Each structure stands twice: as structure tokens, then as C-alpha cells.
Amino acid sequence: MTALTVLAAETPSLVQSVDWLAIAPVVVPAAVALLVLVADLFLPEGRKPLLGWISVAGLAAATAALLPLRAGDRSTFCLTGDPAACSYTADHFALVVQFLVLAGALVTALLSVTAVRETRMPAGEYWFLLLSSAAGAALLPASRDLATLIVALEVASLPAFALVGMRRGDRLSSEAALKFFLSSVTATAVSLMGVAFVYAATGTLHLTQVADRLEDVPARFDTLAMAGVALTLVGFAFKTAAVPFHFWVPDTYVGAPLPIAGYLSVIGKAVGFTGLILVTVIAFPAYSDIWGPALAVLAALTMTIGNAAALRQSPDRPNSAVRLLAWSSVGQAGYLLVPIAAAAYSDRDQIGSTIAYALMYAAVNLGAFSVAALVARTKPLHRIADYRGLYFERPIAALALGFFLLCLAGLPPGIIGLFAKVTVFRSAVDAGLGWLAVVMAANVVIALYYYLRWTALLFRTPEEGAPAERPAAAKVPWPVTAAIALTAITAVVLSGAPELALRFASGSLFPQ
């Protein structure tokens, strides 16, 4: 008995406690998703809207659960032999991205409350899928091993496929879901092969341990490790809609319900960029000479092709407004890639510029989709031309959309958009990527044209017959108004106090 006692004392325990407070921002939406799915079985049809409000409350609670974690010093699911190697870490990087994801999902839920009821989409399935996707997206920034990263990526992505195709009987919706599904599954399969190669070369999945072991890979495994690094990045590049993995974006946004298009444009991108940041600057710094130039080229191609395609959208073409926002989001993805590429040439603190830019982009892009959802209530063709004279019909909505577009363009009074672009530009210059800074400057000028063209259209005299549509346009559900108000207030506050977002660009978000 004494020998067993001594042996037990010397053997590290494999049982460890779970920090439930640290994982609350992930557990809350996941638990509410299950609650909604079960409640849907028992609620009568007339009470199904209650599921939407339960989901909104769950996302609000998950966002509030970030407050006790603001110190950024918690982690859980750590290795007993190496306490520094954890699978879940609630550091400042994770908390900022989780706030972006959960707040963005909350705005999407507000827009969806009305959309689900009016389009007769199955409420239980819709809210379960949205909450499940939000839980996966919230898990990803806190993931610190490759297995958890891939699982979080798929938990965030798989429900999104179904959400895109939720409008039953709609050919565009079905085609969009199928294209999104097939291309994403292919990218994920490639990433899984990359993870397998990295594991074969290093013998571990934890990001910090991968980084240490890639510093001294045996010569016979060097090619395997390089291939693993390259293939692992593919899945995350797909989520960011980086060229050449962008082809699914315009058709998917057009076919998806408008709230889900907005969700994909912000939360979907946040998932991709978060994964890219974690695998590049934490797991693969030893191979920065491979992924650094590759991401720099991807950034240049992505912003150029995205802005060029947005420039070609005809105002009178059906769905041109959604397509312009889709191609604009591709162009914006190019800007977001710049600081990640710059981190390969200087230090990983450069990625703070991506986070600062993402916070601005999330608020104003979701705001633009919120106004689009409002306009679509009376003009369902989603044409840019439908916005002509919006100021004379809905002055507040027109002013809000104009402000959002100016922020995306980086023009005053959208100060946060201007400062965020300058921050990203500076990260390229500081890293010695002068050519990329020039490409970005040229693309910013190109984007000014289509953003300003749309903004000017809002204040032009309405076409003949437009005033007759005003009575129908007066019926605005308050959740849509609340979504516009939340995003507009956030954008105005960030423009008035840009340091709220830009402070993330000046320091490290990861523990030193």
C-alpha cells in the first residue's frame, strides 16, 4: 500500500479541473442552441417567434460572459506534463475576437427575427444552426492546438452551409449552399492533410510545441513539414475569401438569406483570419519565409480582384447591391491580410493591425447589410439603383448607410475607416513591404469610386413614381431598426474615439 501511495504521488494526475468561466462564451451559445432545438419540438406554431428571442438573449449573455475574463490570463485543458501547452486560452487576442464574433452574431440574430417569420423558414432549425455556428466561431480564437482549430472551423462552417440553403424551393439558395459546401469541404480536406503532415514531422498538435519543434526539424522531414505548413493554410485562406479561394463569395451571398450573407461577410471572415493568425505567427514562425511572401502576394491579388469586380457592378442589375458588398468584402479581405504578411518580416505584434481593422469592418459591414435588409422589404431585387433617393424616404437609414460606406472607403467623417487603413498601410511599410503598400494605396483609390457612387445615389432626387412606395416603406420592424442603430452607434463611437479599436494595433495581444 505504501509503494502504491508513493507511486501515485510521483505520477502526474491525468484528471484536471475545467475552468468553466473561461469557456463560458462558447458553452452559453452551444447550450442555448440545444435548448432551442428541444423547445422547438414542444412549442406550438404561433409561439415559435419566442425561439428567436431566446437566441438573442443567449448571444447577449455569451457576450456579457466576456467581462469577467478581461484580464486575459485564463487557460484550460492543459497538458499535465507541460502546463504552458493548453488547448484553450482566453488571452486578449481570443477575447477581442470572441467579442467581435458574438456581437456580430447578436446583430445577425436581430435581423433574423423578422426574416425567419416573414419567409417562413423553419425556426427551430434556423436558430439552432446560427447558435451552433456562433459557438464554433467563438471557440476558434481560443483554440491552441491544431485539432481544436480544425474542429472549431468545421463547427462554425457546417451550420453555415445549411443556413445558406435555408430558403426551401429557392434555386439560387440551393445552388449557393451546394457551391459553398463543395468548395469548403475540399479546402478542409486539404487542411486536414496539412495538419497530418505537421503532426508527422513534429509529433505534437499544440501550437506552441509545434513552433518549438519546427525550429529543429530533422532534414528527412523538412519537405514534409513545409508541405504541411502550406496545406494547413489553405482551409483558413478559403474562409477569408482570399484569391484564388474567393469564387464562392458572390453567388453564396446572393443565394443566402440577407442576415446570413452579412454573417458570412463578418463572422466567416473573422474565423478565417483568426485561424490564419494562430497557425502562422504562433505555430509556424519557423517557416515565415514560406508563408510571409505567399500571404503578401495573396493580399495584393485579393484586394485588386475584389475591388476590380466591385467596380464592374451595374446599378440596374438584380442583386447588384449584394454582389457589390460581396466583392467589396473580398477587397477588404486583402487589406486584412496585409498585417499578417507583415508579421513574417518583423514581429507578431503587427497582427494587432488586422484586429483593429476587423473591428471597424465588422461594425460598418454589418450595418450596411442591416440597411440592405430594410430596403429589401419594399425593393426585393437588391439593386443599387433601388437606393436612389433613399434620403427622401428614410433619411436616418440613408445617413447611416452613407456613413458606413464612407467608413469602408476610409473617408471623413468615417474617421475609424481612415485610421484603420493608415494603420494597415503602416504595418506594410514598417515590414519593408513597400510594393504591397503601393498596391494597397492604388486599391483604396479604386474603391473610392464605387463607394462614393453608391453614397451619392442615396441623396439624389428619387425617380418618378418612387414617392408612391413610401406608405409601404413606413412599416419597419423594430429588431431591424435596433440592428441599424447598434451598428451605427458603434461606428460613430469608433470614429469619435478611434483609440478604442486602434489600441490593439500598438501592443501584443498574446502573452509574452
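Does aspartate 40 count as buried or exposed, and at what relative accessibility? Aspartate 40 counts as buried, at 15% relative accessibility. The model is predicted. A search of the whole structure finds nine salt bridges, and aspartate 40 takes part in one of them, with lysine 48. The points below cover charged pairs, a strand pair, a nonpolar surface patch and some individual helix residues.

- In the bridge between aspartate 40 and lysine 48, the closest N and O atoms are 3.1 Å apart.
- Lysine 48 counts as buried, at 14% relative accessibility.
- The side chain of lysine 48 also meets that of glutamate 45 in a salt bridge, at 3.8 Å from N to O.
- Glutamate 45 counts as exposed because its relative accessibility is 63%, and the cut-off for exposed is over 50%.
- As background, side chains of opposite charge can pair when their charged atoms come close.

**Arginine 74 and aspartate 19**

- A salt bridge joins the side chains of arginine 74 and aspartate 19, with an N to O distance of 2.8 Å.
- This pair links distant parts of the chain, the two residues being 55 residues apart.
- Arginine 74 is in strand E1, while aspartate 19 is in the loop between helix H1 (2–10) and helix H2 (24–42).
- Arginine 74 is partly exposed, with a relative accessible area of 29%.
- Aspartate 19 has a relative accessible area of 18% and is therefore buried, the cut-off being under 20%.

**Strands E1 and E2**

- Strand E1 (residues 74–78) pairs with E2 in the antiparallel sense, over four bridges.
- Arginine 74, the salt-bridge partner of aspartate 19, stands opposite alanine 90 in E2.
- Strand E2 (residues 86–90) is largely enclosed by the rest of the structure, because five of its five residues are buried.

**Nonpolar surface patch**

- Leu158, Leu178, Phe181, Leu182 and Val185 make a nonpolar surface patch of about 430 Å².
- Helix H7 (residues 171–202) gives the most to this patch, with four residues.
- Leucine 182, one of the patch residues, has its place in helix H7.
- Leucine 182 counts as partly exposed, at 47% relative accessibility.

**Helix H18: asparagine 443 and alanine 442**

- Asparagine 443 lies in helix H18 (residues 434–458), and alanine 442 lies in helix H18 as well.
- Asparagine 443 is buried, with a relative accessible area of 3%, whereas alanine 442 is partly exposed, with a relative accessible area of 40%.
- The side chain of asparagine 443 makes a polar contact of 3.2 Å with the side chain of threonine 304.
- Leaving aside neighbours within four places in sequence, asparagine 443 is in contact with Met303, Thr304, Asn307 and Tyr335.
- Alanine 442 is 371 residues from alanine 71 in sequence, and their C-alpha atoms are 40 Å apart in space.

**Helix H8: glutamine 209**

- Glutamine 209 is found in helix H8 (residues 207–214).
- Glutamine 209 counts as buried, at 12% relative accessibility.
- With neighbours within four places in sequence left aside, the contacts of glutamine 209 are Leu79, Asp82, Ala85 and Thr204.

Key
Residues numbered from 1 in each chain as written. Predicted model: local features only at pLDDT ≥ 70, side-chain atom pairs only at ≥ 80, totals over all residues. Heavy atoms only, no water. Buried < 20%, exposed > 50% of the residue type's maximum accessible area, 1.4 Å probe, protein only. Polar contact = N/O pair within 3.5 Å; in protein donor to acceptor, adjacent residues only side chain to side chain. Contact = heavy atoms within 4.5 Å. Pairing = 2+ DSSP bridges. Patch = residues over 30% accessible without salt bridge, like charges linked within 9 Å, V, L, I, M, F, W, Y side chains within 5 Å. Areas by Shrake-Rupley, 256 points an atom, 1.4 Å probe, with all protein chains shown as cover. Salt bridge = Lys/Arg side-chain N within 4 Å of Asp/Glu carboxyl O.
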